[in-house]
Amino acid sequence: MTDPHPLFATQPRIIGALHLPDLGIARETSMAWLEDYTLANAKMFADAGFPALMLQDQTRTHTDAEPVTIAVVSALGRLIRQAFPAMRLGIIVQAHDAVAPLAIAHATGADFVRLKIFVGASMTPEGPRTALCTTARTYRHRIKAESVAILADVFDRTSVPMVDIPPERAALWAQSMGADALVLTGDTFADSIARIAKARAAGVKVPIVLGGSVTQENVAVALDTADAAIVSTALMRKGAKDGDLLRWDAELTRRFADTARAVTAKRST
């Protein structure tokens with residue numbers, strides 16, 4: 001890594017993802033319920049010792065993020081920042097929007113944003129999407145928020161690339177366009193590991209985050225290969241449903257963090 005963002009100085013290098021309900025269709029979207037939901041689930045990650053948490057809006061739109069989404073996510077992000085100041089905070093919005101997550105991060109004091117389609121072009125369930133890189137880096141500079149790191153996905157598995165180049169070349173594009181770190185996520189865990197190896201061999205120098213399929217059983221491999229790992233689904237309560245106040249399992253979350261800490265401690269000896 002070269003001059004990594006402070007996010008990558010935390011140990012262990014694990015990032016939890018707290019998914020908000022889709023505000024466009026969720027049954028329960030009152031601010032009181034969303035505040036309780038956010039605090040209850042963020043507390044699980046904080047109590048387990050996660051050094052970083054990403055607040056993930058899942059409201060799908062055909063255009064930029066709607067004003068209500070920006071307002072709600074900003075309010076909830078600020079709530080997390082005040083309740084758990086020791087955790088680094090990240091922002092991601094489902095809408096294909098370079099400006100909204102950076103504006104939210106700036107307002108909440110968040111440390112990073114994740115942008116799904118940073119370079120190239122991809123087909124998503126909502127339709128085609130094109131690169132956000134130029135808008136993102138220009139807007140970040142305009143609002144004087146250079147301290148907010150941009151974590152850029154490279155051909156995320158939730159979309160299909162519309163450009164015929166290998167992922168490692170797209171990774172180099174993202175690095176050259178100002179991404180502070182890359183998020184690589186293959187169709188499987190093994191595919192993700194292979195993509196990271198190819199990106200490093202191609203010359204990627206910025207930190208690489210493994211973006212999916214990370215579990216307690218494979219977190220050692222993940223942290224041996226990547227500079228950080230994002231986890232969420234593997235830690236959810238079995239049988240959890242939309243509308244439940246608690247979506248993540250405290251015991252699973254604690255055991256995962258304990259394993260990650262043990263892996264980190266072993267590597268440092």
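Reader: Let's start with I117. Leaving aside its neighbours within four places in sequence, which residues is I117 in contact with?
Author: Keep in mind that this is a predicted model. I117 belongs to the loop between β4 and β5 (121-124). Once neighbours within four places in sequence are set aside, its contacts are H96, S122, T124, R129, T130, A131 and L132.

Reader: And does I117 count as buried or exposed?
Author: The cut-off to know is that buried means under 20% relative accessible area. I117 comes in at 6% relative accessibility, so I117 counts as buried.

Reader: How far apart in space are I117 and R137, C-alpha to C-alpha?
Author: Along the sequence, I117 and R137 are 20 residues apart. In space, going C-alpha to C-alpha, the gap between I117 and R137 is 13 Å.

Reader: I117 lines the largest cavity, I see. Which residues make up that whole lining?
Author: The largest cavity holds about 50 Å³ of space. By class, its lining divides into 6 nonpolar, 2 polar and 3 charged residues. By name, the lining is K116, I117, F118, V119, S122, D153, V154, F155, D156, S159 and A170.

Reader: How many cavities of 30 Å³ or more does the structure hold?
Author: Rolling a probe the size of a water molecule over the atoms shows where empty space is left. For this structure, the number of cavities of 30 Å³ or more is 3.

Reader: What is the volume of the second largest cavity?
Author: Its lining is made of L7, F8, T10, R13, I14, I15, A52 and A228. Sorted by class, that gives 6 nonpolar, 1 polar and 1 charged residues. The volume of this second largest cavity is about 40 Å³.

Reader: Now the largest pocket: which lining residues lie nearest its centre?
Author: The largest pocket has a volume of about 1100 Å³, and 49 residues line it. Nearest the centre of the largest pocket lie H19, Q56, Q58, R60 and Q94.

Reader: Which helix and strands each supply at least two residues of that lining?
Author: Across the protein chain there are 8 helices and 11 strands to look through. Those that each supply at least two lining residues of the largest pocket are β1 (14-19), α1 (31-48), β4 (112-115) and β11 (228-231).

Reader: Zooming out, what radius of gyration does the protein chain have?
Author: The C-alpha trace spans about 45 × 45 × 35 Å along its principal axes. For 269 residues, a compact globule would have a radius of gyration near 18 Å. The protein chain agrees with that, at 17 Å.

Reader: Among contacts between residues at least 6 apart in sequence, what percentage join residues at least 24 apart?
Author: Contact here means heavy atoms within 4.5 Å. Taking the contacts in the protein chain between residues at least 6 apart, the part that joins residues at least 24 apart is 70%.

Reader: And what percentage of the accessible surface belongs to carbon and sulfur atoms?
Author: Of the 269 residues, 52% count as buried. The accessible surface of the protein chain comes to about 11700 Å². The part of that surface belonging to carbon and sulfur atoms is 55%.

Methods:
Residues are numbered from 1 along each chain as its sequence is written. This is a predicted model: local features need pLDDT of at least 70, side-chain atom pairs count only at pLDDT 80 or more; totals for chains, interfaces and linings use all residues. Side-chain values use heavy atoms; hydrogens and water are left out. On a 1 Å grid over the protein atoms alone, a cavity is a set of points where a 1.4 Å probe fits but cannot get out, and a pocket is an open set with protein on both sides within 12 Å along at least five of seven lines; lining residues have an atom within 4 Å of a point. Grid points are joined across faces, edges and corners, and a volume is the space filled by probe spheres set on the points. Helices (H or I, at least four residues) and strands (E, at least two) are DSSP runs, numbered from the N terminus. The radius of gyration is taken over C-alpha atoms; the globule rule is 2.2 Å times the number of residues to the power 0.38. Buried means under 20% relative accessible area, exposed over 50%, partly exposed in between (1.4 Å probe, protein chains only). Accessible areas come from the Shrake-Rupley method with a 1.4 Å probe; for residues, only the protein chains shown count as cover. Ala, Val, Leu, Ile, Met, Phe, Trp, Tyr, Cys and Pro count as nonpolar, Asp, Glu, Lys and Arg as charged, and the others, Gly among them, as polar.
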